[in-house]
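I opened this entry to record what I looked up in the model, beginning with the nonpolar packing and going on to the charged pairs.

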Amino acid sequence: MAAESATGGAAPALPQSVLFCCDHNAVRSPMAEGIMKKLYGTRAYIQSVGVNNDMEIDGFAVAVCAEIGVELSRHRSRSFDEMEQWGDDLSSFDLVLALSPASQRRALDLTQFYHLDVEYWPVLDPTGMVDDRDTRMALYRQTRDQIIARLTERFGPPPGA
């Protein structure tokens, strides 16, 4: 029996492989990767990349994901180029979920010769918006919660939910 989506119709089946991408693979895409793995387990191969690999995992992203039992502290940022160097061919993914305009452009450029779905999910970039720790944590939680909402809207409730 298919899961019901938020709009009342049957939720689409979970793809076999999903790639999340954003600008630096330091906040949004690793959060999405970790959250999807937590919600849907090993039912799909899930990875994340950035347009650039010039930042380490963001400590605020690690903290707000830890609040919901998602471990990100061991995440190592990587770019599209590094992903392919390490043996993950873009064509092996069923779905690319771009969380920033720059990553959507890069994914579309790289997938123009593949039969591969690329979706753009506009998700808040909480970095550098405020200096106050409490307000910054609230923004990161908002980003985390947006990702959870998008995942459950797109793929239905997680098993056992």
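The notes below follow that order.

Entry one, the main core. I am working from a predicted model, and I began by asking which residues of the largest nonpolar core touch the most other members. The core holds 31 residues, and those with the most contacts to other members are Phe20, Met31, Met36, Trp121, Leu151 and Phe155. I then looked up where the core residues come from, and found that at least two are supplied by each of strand E1 (17-22), helix H1 (28-40), helix H2 (59-66), strand E3 (95-98) and helix H5 (133-155).

Leaving aside residues up to four places away in sequence, I listed the contacts of Met31 as Ala61, Val64, Cys65, Leu72, Tyr140, Thr143, Arg144 and Ile147. I also noted a second, separate core of eleven residues, with Met83, Ala98, Ala107 and Leu116 among them.

How many salt bridges does the model contain? I count eight, and I followed three of them in detail.

For Arg28 and Asp125, I read a side-chain N to O distance of 3.8 Å. This pair joins distant parts of the chain, with Arg28 in helix H1 and Asp125 in the loop between strand E4 (117-120) and H5, 97 residues apart.

For Glu67 and Arg144, the N to O distance is 2.9 Å. Glu67 sits in the loop between H2 and helix H3 (80-85) while Arg144 belongs to helix H5, so this bridge ties together parts that lie 77 residues apart in sequence. Here Glu67 is partly exposed at 43% relative accessibility, and Arg144 is buried, with a relative accessible area of 7%.

For Asp81 and Arg106, the closest N and O atoms are 2.8 Å apart. Asp81 is in helix H3 and Arg106 in helix H4 (residues 101-110), so I recorded this pair too as a link between distant parts of the chain, 25 residues apart. Asp81 counts as partly exposed at 43% relative accessibility, and Arg106 is also partly exposed, with a relative accessible area of 21%.

Note on methods:
Residues are numbered from 1 along each chain as its sequence is written. This is a predicted model: local features need pLDDT of at least 70, side-chain atom pairs count only at pLDDT 80 or more; totals for chains, interfaces and linings use all residues. Side-chain values use heavy atoms; hydrogens and water are left out. A nonpolar core is a set of buried Ala, Val, Leu, Ile, Met, Phe, Trp, Tyr and Cys residues joined through side-chain atoms within 4.5 Å. Buried means under 20% relative accessible area, exposed over 50%, partly exposed in between (1.4 Å probe, protein chains only). Helices (H or I, at least four residues) and strands (E, at least two) are DSSP runs, numbered from the N terminus. Contact means heavy atoms within 4.5 Å. A salt bridge is a side-chain nitrogen of Lys or Arg within 4 Å of a carboxyl oxygen of Asp or Glu.
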